[in-house]
Amino acid sequence: MKQLLILFSLITVSYSCKNQYEGIPNINVDIYINIQDPKHQNLSGMGSWIYVDGGSKGIIIFNLDNENFLAYERHCPYDPENSCSRVSVDETDLFAIDSCCLSKYQLLNGSIVDGPGSLPLKGYNSSFDGNIIHVWN
């Protein structure tokens, strides 16, 4: 019985360590964004955002509070094998929506708020030194 319990524990641990974003390619990301650069002027206020190249299908950089910037993969985690699986920021600037499956995600934390998805948007690490946003995985 003890051996069965250990085996079950090992299976549970290995399953829980599985990549929850299976289907979204794990592409190296190491991006630096100077917010003083005129091409990034759209990041100048709270709630502002831009798209940048990188990741699997692009990245959304979201200005949370002028001191913290969040970075999300645009590759929708719901049915990622579908070629149209890509989120875009909606007209409210608060949500990202996949026009293919209609999953809707909050930009404040990446969580799913509507649609068939169950996983949040895949996030990247980010830091901000007052001028430069660094995004990496």
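Visitor: Which residues of S3 lie on one side and which on the other, and are they buried or exposed?

Guide: A note on the source comes first. This is a predicted model, in which local features need pLDDT of at least 70 and side-chain atom pairs count only at pLDDT 80 or more, while totals for chains, interfaces and linings use all residues. Residues are numbered from 1 along each chain as its sequence is written, and side-chain values use heavy atoms, with hydrogens and water left out.

On one side of S3 are Ile59, Ile61 and Asn63, and on the other are Ile60 and Phe62; all are buried, and both faces are covered. Here buried means under 20% relative accessible area, exposed means over 50%, and partly exposed lies in between (1.4 Å probe, protein chains only). Strand S3 spans residues 59–63, and because five of its five residues are buried, the strand is largely enclosed by the rest of the structure. Strands (E, at least two residues) and helices (H or I, at least four) are DSSP runs, numbered from the N terminus.

S3 has a partner on each side. Two strands pair if DSSP finds at least two bridges between them. S2 and S3 are joined by four bridges in the antiparallel sense, and Ile50 has Ile61 of S3 as its bridge partner. These two strands make a hairpin with six residues between them, and Gly54 in its turn has a positive phi of about 135 degrees. The pairing of S3 with S4 is also antiparallel, over five bridges; Ile60 has Tyr72 of S4 as its bridge partner. Five residues separate S3 and S4 in their hairpin, where Asn66 takes a positive phi near 70 degrees.

These strands belong to an open sheet of six, with antiparallel pairing and the order S1-S10-S9-S4-S3-S2. Strand S1 (30–34) and strand S2 (49–52) each have a single partner strand, so one side of each is left without a neighbour in the sheet. On average, neighbouring strands of this sheet are turned by 20 degrees against each other, direction ignored. Such axes are lines fitted to C-alpha atoms, for helices over the stretch in contact, and angles run from 0 to 180 degrees between N-to-C directions. Asp30 stands opposite Trp136 in S10.

A second open sheet has four strands in the order S5-S6-S7-S8, again with antiparallel pairing. Its edge strands, S5 and strand S8 (112–114), each pair on one side only. S7 and S8 run antiparallel and are joined by two bridges, with Asp114 in S8 as the bridge partner of Lys104. Lys104 also lies over the face of Phe95, at 4.3 Å from the ring centre. A charge counts as over a ring if NZ of Lys or CZ of Arg is within 6 Å of the ring centre and within 35 degrees of the ring normal. Likewise, Arg74 lies over the face of Tyr51, at 3.7 Å from the ring centre.

The loop between S4 and S5 holds Ser85, which counts as buried because its relative accessibility is 1%. Leaving aside residues up to four places away in sequence, Ser85 touches Lys57, Arg74, His75, Cys76, Tyr78, Asp79, Pro80 and Asp98. Contact here means heavy atoms within 4.5 Å.

The structure also holds one disulfide, defined as a pair of cysteine sulfur atoms within 2.5 Å. It joins Cys84 to Cys100, with an S to S distance of 2.0 Å. The pair links distant parts of the chain, 16 residues apart: Cys84 is in the loop between strand S4 (69–73) and strand S5 (87–89), and Cys100 in the loop between strand S6 (95–98) and strand S7 (104–106). Cys84 is partly exposed, at 34% relative accessible area, and Cys100 is partly exposed at 32%. The sulfur of Cys76 has its closest cysteine sulfur in Cys101, 4.1 Å away, which is too far for a bond. Cys101 is in no disulfide. Cys76 is buried at 0% relative accessibility, and Cys101 is buried at 17%.
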